[in-house]
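Let's walk through a protein model together, one piece at a time. Please keep the picture beside you as you read.

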Amino acid sequence: MFYDYHMHSSFSNDSQTDMENMIKRSIDLGVKEICFTDHVDYDLDTDFDWGIDYGKYFDKINFFQDKYQNQITIKKGIELGLQKQIIGKCSEDANKYPFDFIICSIHAINKSDLYFGDFFKVKTQHEAYEAYFKELYTVVKNYKDYSVLGHLDLIKRYGNYDKLLEDSLFSDIIEAILKQAIYDGKGIEINTSCYRYNLPDLTPSRKIINMYKDLGGEIITTGSDSHNESQVAYQFDYIYSYLKESGFKYVCKFNKMKPEFIKI
Ligand SMILES: [Zn+2]
Ligand SMILES: [Zn+2]
């Protein structure tokens with residue numbers, strides 16, 4: 001009864017996998033419902049184009065929704081890469097198209113894509129983490145057109161440091177981010193890409209997941225962040241039992257941006 005709510009296809013710049021292959025693999029695994037969340041990232045200082053042809057995107061999802069309607073439910077989502085200077089543009093996209101679900105992610109700060117590492121060059125590790133959480137805080141304060149926060153502590157994935165910094169160093173700002181999200185009726189996702197990046201904890205960390213729960217947060221989605229078939233629903237057996245053990249009663253699916261609670 002898994003719900004994979006973070007999945008990329010060849011509509012994303014960093015995936016070559018056709019949507020249909022992702023769907024077939026999900027059906028083979030018995031996944032109940034999937035949501036495509038291809039990348040849209042604006043205003044980067046690189047030459048990569050992270051836009052999407054929304055017309056083609058929705059046409060193709062519609063086609064596969066019909067074709068596989070007896071085997072799996074497929075939802076229309078997007079992973080928007082937020083930066084504070086493009087909040088207006090992201091809201092425009094979010095309101096213009098018939099999304100079921102929107103992931104709000106930070107992939108870049110001041111146009112600098114965290115993936116390429118320049119962002120880390122003139123900063124200490126502490127400064128880099130702090131800048132990331134501050135950017136996310138500014139975004140959640142001002143941007144409301146989303147469903148869940150994507151890979152909330154993504155900064156731990158990059159920068160090539162020997163050791164990660166403890167969440168406790170940033171607990172004030174992390175708590176402020178979570179409180180704002182909860183106040184706005186937003187969720188967080190458990191993103192199982194942590195296993196691909198050999199991170200020592202989940203994404204976000206168990207501490208952050210529990211902080212969200214203790215603050216009253218109830219909206220959790222599960223996402224593999226898969227970019228090819230082999231990554232679909234990765235480690236979901238463990239994640240669902242972990243959530244249950246941690247006291248969560250539900251995971252969420254979304255319909256036209258509204259959460260629906262599924263008992264774990
Ligand atoms: Zn992402
Ligand atoms: Zn992603």
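We begin with the sheet, then turn to a hairpin, a helix and a single residue.

This is a predicted model, in which local features need pLDDT of at least 70 and side-chain atom pairs count only at pLDDT 80 or more, while totals for chains, interfaces and linings use all residues. Residues are numbered from 1 along each chain as its sequence is written, and chains are lettered from A and ligands numbered from 1 in the order in which they are written.

Start with the open sheet, whose seven strands follow the order S1-S2-S3-S4-S7-S8-S9 with parallel pairing. Its edge strands are S1 (3-7) and S9 (220-223), each of which pairs on one side only. Helices (H or I, at least four residues) and strands (E, at least two) are DSSP runs, numbered from the N terminus. Two strands pair if DSSP finds at least two bridges between them.

Now look at strand S2 (residues 33-41) and strand S3 (residues 73-81), which pair in the parallel sense over nine bridges. Phenylalanine 36 has lysine 76 in S3 as its bridge partner. Helix H2 (residues 54-67) packs on the sheet and touches S2 and S3; contact here needs C-beta atoms, placed from the backbone, within 7 Å.

Next comes the hairpin. Strands S10 (residues 250-255) and S11 (residues 258-263) run antiparallel and are joined by six bridges. Asparagine 255 has lysine 258 in S11 as its bridge partner. Two residues lie between these strands, and lysine 256 takes a positive phi near 45 degrees.

Which residues of H5 are buried? They are Ala128, Tyr129, Tyr132, Phe133, Leu136, Val139 and Val140. These residues cover an arc of only 125 degrees around the axis, so they sit on the same side of H5; the arc is that of the directions from the helix axis to the C-beta atoms. An α-helix has 3.6 residues a turn, so residues three or four places apart point the same way. The face of H5 turned away from the buried side carries the exposed residues His126 and Glu127. A residue is buried if 20 or more other C-beta atoms, placed from the backbone, lie within 10 Å of its own, exposed if 12 or fewer, and partly exposed in between.

Finally, find threonine 73 in strand S3. Threonine 73 counts as partly exposed because it has 15 C-beta neighbours inside 10 Å. Leaving out residues up to four places away in sequence, threonine 73 touches Lys32 and Glu33.

Methods: Contact = placed C-beta atoms within 7 Å. Axes fitted to C-alpha atoms, helices over the stretch in contact; angles between N-to-C directions.
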